[in-house]
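Me: I'm new to this one. Can you walk me through what you see?

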Amino acid sequence: MSERGHLNQKDLKRFKKLLEDSRKQILENARKTLEEESNFDTDDLPDEIDQASSEYARAMNGRIRDREKFLLKKIDKALARVEDGTFGICERCEEPISAKRLEARPVTTLCIRCKEEQEKKEKSYG
Ligand SMILES: [Zn+2]
């Protein structure tokens, strides 16, 4: 397991900060979305359009929240991986994930090779 040393303490600290920052940002956005939603009901619009657009807004917000929840889960998992020392190791093949890839997507748990394989499979099912 000599590969495990490919990220030093300084790198880990930086990735932890990145993860914590995006966590904060997601929570901030979620709060804003909720605020906007609660301000959404306007009496200026005709009933029909109003109803249609609030349904639309609800659907949109529902989707955003699902996406946020999903992302938060990923971030928490990545932070746990920083703590237990498995951050930056591919879940599937246990090879180190390149720092460049982690930089772009700190929540990733797969190396580029496994990710591409996964996407290929998804496409053939899709
Ligand atoms: Zn891999």
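Here is a short chat about the fold, the core and the confidence.

Me: What kind of model is it?
Reply: It is a predicted model.

Me: How many helices and strands does the protein chain have?
Reply: There are four helices and zero strands. From the N terminus, the order is α-α-α-α.

Me: How confident is the predictor in the protein chain?
Reply: The average pLDDT is 85. A score of at least 70 is reached by 84% of the residues.

Me: Where is confidence lowest, and where is it highest?
Reply: Lowest is α2, with a mean of 82. Highest is α3, at 93.

Me: Moving on. What share of the residues is buried?
Reply: In this protein chain of 126 residues, 10% count as buried.

Me: Which residues make up the largest nonpolar core?
Reply: Ten residues: L7, F15, L19, I75, A78, F87, I97, L102, V107 and C111.

Me: Which helices each supply at least two residues of this core?
Reply: Those are α1, residues 9–38, and α2, residues 47–84.

Me: Take F87. What is F87 in contact with, leaving aside its neighbours within four places in sequence?
Reply: F87 contacts L7, L12, F15, A78, R81 and V82.

Me: How far apart are the end C-alpha atoms of α1?
Reply: They are 44 Å apart. That agrees with the span of 44 Å that 30 residues should give at 1.5 Å a residue.

Me: What about α4, how far does it reach?
Reply: Helix α4 covers residues 112–125 and has 14 residues. From first C-alpha to last, α4 reaches 20 Å, close to the 20 Å expected.

Me: New topic. Where is E94 found?
Reply: E94 sits in the loop between α2 and α3, with α3 at 99–104.

Me: What is the phi of E94?
Reply: E94 has a positive phi of about 60 degrees, although E94 is not a glycine.

Me: Is E94 buried or exposed?
Reply: E94 is exposed, because 12 other C-beta atoms lie within 10 Å. The cut-off for exposed is 12 or fewer.

Me: Last one. How many contacts join residues at least 24 apart?
Reply: Among contacts between residues at least 6 apart in sequence, 58% do.

Notes:
Residues are numbered from 1 along each chain as its sequence is written. This is a predicted model: local features need pLDDT of at least 70, side-chain atom pairs count only at pLDDT 80 or more; totals for chains, interfaces and linings use all residues. A residue is buried if 20 or more other C-beta atoms lie within 10 Å of its own, exposed if 12 or fewer, and partly exposed in between; C-beta atoms are placed from the backbone. Two residues are in contact if their C-beta atoms, placed from the backbone, lie within 7 Å. A nonpolar core is a set of buried Ala, Val, Leu, Ile, Met, Phe, Trp, Tyr and Cys residues joined through C-beta atoms within 7 Å. The expected span of a helix is 1.5 Å times one less than its number of residues. pLDDT is the predictor's confidence in each residue, from 0 to 100.
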